[in-house]
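Please look through this structure with the notes that follow. They are grouped by topic and written for a first reading.

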Amino acid sequence: MLVSCLAGVGSAMLLLYPDKALGRTSVKHTAKHAPKSSTAFAAKPVAAPHRRLSPKDVTSSKDEVVSVSTTRHANSRGGGMMRVETAPYGIQTISKQFIEARSPTSTALDLIKNLPSVNVSTPDTSGMQGGSIQSRSLTDADMALMMDGAPAASAAYMAENVDSENLDSVSILPGSSPIDLPATSAAAGVMQETTHDAQHKHGGMMDFSYGTNNLSREFIRLESGDIGKTGLRSYISFSNTHARSWMGAGINERRHLDFGIRKDWQNGSFAKLFMSWNSEDFTIDRFPTAAQFYNYKHTGQGYGRKAGFDAAGNDYWKNNIDHWNQIFLTAPMHFVLTRKLSFDLRPYYNIGKGWDGSSSGFAAVGNTTTNYLGTPIAAGTPLTGYYLQNYARQVGATAILGYDIDSHNHFEVGYWYQNQNYLQHFPVSITNADGSNPSPNALGSQIYSGGKRSFSGNRTGFEIHSLFLEETAKYLKNKLILNAGFKYVMSNMWYDRYPANSQVGQNLTAPLPHFSASYIINDHHQVYVNAEGDFRQPSPSGIANSSITGTLPKNQYSIKEELGYRYHDNYIVADLALFNYNITNRLLTTYIGNGQSGVVNAGNQTARGFDVMLSAQPLYGFSPYVSFEYLNARMDSNLAAQDVYGVMSYMPTKGTQAPQSPHVLANFGLTYTNKGFFANGTVHYTGPQSVTLAGDQRIPGYVTDTLSLGYHFKPFYYAKSPTIRLNFTNLTGSIVRTGSNGVGNNAYAVRLLNGNMTKTASSAQFYVEPRFSMTGTISTSF
């Protein structure tokens with residue numbers, strides 16, 4: 001039991017001393033069930049419910065020696081690229097060993113690139129921006145992106161959440177989502193970032209990185225250690241990053257602060273708080289068309305921003321800046337109330353403000369606009385348009401009451417509330433004389449018409465109330481685990497446009513059943529089945545950028561089934577998952593421009609396939625890892641389209657390959673460790689894929705690669721772990737497209753079902769793999 005407690009729910013010390021929690025002097029019993037895994041999808045062995053040790057349990061008439069040993073990598077294989085899992089659903093995890101080998105500039109997206117169920121596209125080499133995810137014919141917009149169990153920033157802005165040094169693990173649940181998860185988009189599963197827990201000893205760590213594109217980054221973390229006998233421990237960290245854009249001109253800067261504090265009680269209760277602040281200014285990327293990409297590939301002529309004032313196109317990089325400030329906070333708490341009763345509360349809060357500026361052309365001849373003093377604006381004056389986010393705010397909480405009915409059954413009931421509100425405007429200002437964009441709030445640059453500032457905008461958001469219940473039963477000495485639950489989501493959405501003050505709204509509901517069963521055949525084999533309903537609600541930002549003509553987009557709904565098998569022993573770990581998705585009211589992201597995306601309904605879709613992963617413990621220092629996915633995703637509907645005469649008809653899309661759904665994904669990784677030396681290399685392959693609804697534009701398959709090299713030196717004075725490492729990406733310098741930024745309707749004229757051709761074409765724009773880069777890092781703990 002002692003070993004089980006150490007590996008599963010904490011230290012055996014929690015069982016040997018009197019309980020103190022919630023202001024009580026003593027609690028006679030501890031709850032049998034640990035907090036739910038949606039807070040951190042950790043691998044925990046399945047064990048019998050824990051009981052309190054009595055004096056006779058630890059007293060012996062003979063001399064005894066108890067030896068307990070463990071390692072931080074005990075459940076991690078393939079150099080941290082895979083972890084031993086026991087959950088009754090598919091889960092793929094990158095652990096700390098792999099994270100520590102990669103560049104500190106890595107975001108969560110960079111870290112998961114070699115998992116079998118995802119294809120990741122990133123636009124930069126410095127880690128200051130995010131990117132996009134494709135997963136089993138869906139995208140990151142369909143995925144719940146979580147941090148410590150709370151909704152986090154979208155994949156496009158993943159770097160805003162946390163520094164990589166403060167990440168303990170990143171997990172992908174490609175086909176499922178825990179029923180208590182506060183998510184409005186889990187059709188493609190969940191990506192969960194688990195943050196660092198403050199250490200019990202005071203100290204800290206620091207690192208410095210320098211690399212390609214004039215990258216420089218500094219990071220420091222200070223640990224308080226245990227604060228007296230309060231049970232509190234905390235840390236605070238700060239990083240500063242500076243880099244040039246890899247394509248075209250531009251300077252990107254980021255400042256980030258993380259803070260964490262944790263309080264533990266002896267009976268297993270705990271309270272944790274994580275807060276981050278992020279401030280950044282980066283050049284807005286251009287996503288090239290197919291013609292621009294091929295021109296770059298064959299001639300070397302780039303498609304990035306201009307290095308100086310552009311009198312012809314007004315495309316100076318300083319006139320295309322994303323400025324953003326954000327605060328993120330989550331505070332999961334678990335309280336053991338009695339031996340059988342527990343309570344979890346998980347509040348979260350996130351607010352961001354900022355703006356994107358870009359060229360709005362030039363003042364026209366005969367225009368009647370003026371500045372704030374009423375002076376007419378001369379024809380030909382360069383103008384800057386803004387996507388001004390006055391605020392993007394979300395606040396919510398999940399409350400769960402858990403009860404052990406008996407030694408086999410655990411029941412939970414919970415409530416989830418969330419309010420998300422976006423307010424944005426689209427003003428225009430006079431571009432500064434040097435070609436840079438002013439703040440949209442700078443009075444001297446604002447444009448007026450008829451004595452009023454041009455200040456169109458909208459407010460959009462939603463409010464959610466959700467109830468859920470769940471029953472978990474364990475039988476056959478906990479080898480058979482059955483779980484069934486039901487979640488009902490009630491949502492009120494709104495969309496108000498200014499200055500017309502027109503309003504659109506709707507009330508939506510989503511019934512979400514969940515069922516899973518897991519059977520542990522023996523110490524090496526496990527099988528499981530998982531089935532559930534998931535939904536995706538249109539995001540407020542996506543609605544704000546879309547053309548709304550009286551009704552809002554409908555919820556996307558998915559019915560998903562998953563069948564899995566796992567094997568592990570002292571040498572290898574293998575994982576096989578078969579999946580089937582049926583999707584109605586498919587929501588697709590459409591690229592608007594200037595880094596903004598909209599959303600539309602695009603009929604129904606079916607996706608099925610399998611994932612396989614295999615990794616091994618080190619053999620002569622080498623730890624291999626391989627993974628593979630086969631996907632067959634088809635559209636089930638013909639999509640409405642307008643012909644050249646303005647008559648509505650349908651594109652013949654039924655039965656065609658769904659966009660952004662490559663048939664094959666494959667990965668290989670190899671880690672080598674020998675004394676202080678370590679190295680890791682990865683290769684990723686993505687097969688050909690369609691990038692338009694009509695299927696008339698595709699991108700070929702491609703290969704990407706990375707390499708990490710490093711050495712751990714012996715401790716020296718205050719430097720406890722001096723380390724140097726080099727990280728390389730795109731070793732071969734490949735110029736390839738890794739995905740599309742949203743999808744187009746059709747790249748060329750398409751014949752509709754009524755026999756006529758389409759009226760217009762709307763091709764895709766692409767992510768391009770950034771050029772070869774190298775980052776060098778020196779680091780140490782102290």
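Gln389 is a buried residue, because its relative accessibility of 7% falls under the 20% limit. This comes from a predicted model. Gln389 sits in strand β19, which covers residues 382–404.

**Around Gln389**
- The side chain of Gln389 makes a polar contact with the side chain of Gln424, at 2.8 Å.
- Leaving out residues up to four places away in sequence, Gln389 touches Trp324, Lys353, Gly354, Trp355, Tyr422, Leu423 and Gln424.

**The protein as a whole**
- The protein has 782 residues, and 55% of them count as buried.
- DSSP runs give 6 helices and 44 strands.
- Of the contacts with a separation of 6 or more, 69% are between residues 24 or more positions apart.
- The accessible surface is about 32000 Å², and carbon and sulfur atoms account for 60% of that area.

**Nonpolar cores**
- In soluble globular proteins, nonpolar side chains tend to be buried together.
- The largest nonpolar core here holds 65 residues. Those touching the most other members are Leu109, Ile112, Leu115, Ile133, Met191 and Leu693.
- Domain 1 (84–195) and domain 2 (203–781) each supply at least three residues to this core.
- Another core, of 10 residues, lies apart from it and includes Ala144, Ala183, Ala186 and Val190.
- What does Leu693 contact, leaving aside its neighbours within four places in sequence? The contacts of Leu693 are Leu588, Ala602, Met635, Leu639, Met651, Thr653, Pro659, Val743, Gly744 and Asn745.

- Gly131 is in the loop between β4 (119–121) and β5.
- Is Gly131 buried or exposed? Gly131 is buried, because its relative accessibility is 5%.
- Between the C-alpha atoms of Gly131 and Tyr157 there are 7.2 Å, although the two are 26 residues apart in sequence.
- Not counting residues up to four places away in sequence, Gly131 touches Leu109, Ser121, Thr122, Pro123, Asp140, Ala155, Ala156 and Tyr767. Leu109 in this list is also one of the core residues that touch the most other members.
- β4, β5 and β6 form an open sheet in the order β4-β5-β6, with antiparallel pairing.
- β4 and β6 are the edge strands, each pairing on one side only.
- β5 and β6 are joined by 2 bridges, and Gln134 has Thr139 in β6 as its bridge partner.

- Arg136 has a phi near 50°, which is positive although the residue is not glycine. Arg136 is in the loop between β5 (132–135) and β6 (138–139).
- Arg136 counts as buried because its relative accessibility is 2%.
- Asn478 also has a positive phi, near 70°, and is likewise a residue other than glycine. Asn478 is in the loop between β24 (457–475) and β25 (480–498).
- Asn478 is buried because its relative accessible area is 10%.

- Strands of a sheet pair through backbone hydrogen bonds, either parallel or antiparallel.
- An open sheet of 5 strands runs in the order β3-β9-β10-β7-β8, and its pairing is mixed.
- Which strands lie at the edges of this sheet? The edge strands are β3 (92–94) and β8 (150–151), and each pairs on one side only.
- Within the sheet, β9 (residues 167–173) and β10 (residues 190–195) pair in the antiparallel sense over 6 bridges.
- Val170 has Glu193 in β10 as its bridge partner.

- β11 (residues 203–211) and β12 (residues 215–223) run antiparallel, joined by 9 bridges.
- Gly203 is bridged to Glu223 in β12.
- β11 and β12 form a hairpin with 3 residues between them, and Asn213 in the turn has a positive phi of about 65°.
- β12 is also joined to β13 (residues 232–244), by 8 bridges, and these two strands run antiparallel.
- Opposite Ile220 stands Phe238 in β13.

Terms used. Residues are numbered from 1 along each chain as its sequence is written. This is a predicted model: local features need pLDDT of at least 70, side-chain atom pairs count only at pLDDT 80 or more; totals for chains, interfaces and linings use all residues. Side-chain values use heavy atoms; hydrogens and water are left out. A nonpolar core is a set of buried Ala, Val, Leu, Ile, Met, Phe, Trp, Tyr and Cys residues joined through side-chain atoms within 4.5 Å. Buried means under 20% relative accessible area, exposed over 50%, partly exposed in between (1.4 Å probe, protein chains only). Domain bounds come from an automatic or database domain assignment. Contact means heavy atoms within 4.5 Å. Helices (H or I, at least four residues) and strands (E, at least two) are DSSP runs, numbered from the N terminus. Accessible areas come from the Shrake-Rupley method with a 1.4 Å probe; for residues, only the protein chains shown count as cover. Two strands pair if DSSP finds at least two bridges between them. A polar contact is a pair of N or O atoms within 3.5 Å; within protein, one must be able to donate a hydrogen and the other to accept it, and residues adjacent in sequence count only if both atoms are side-chain atoms.
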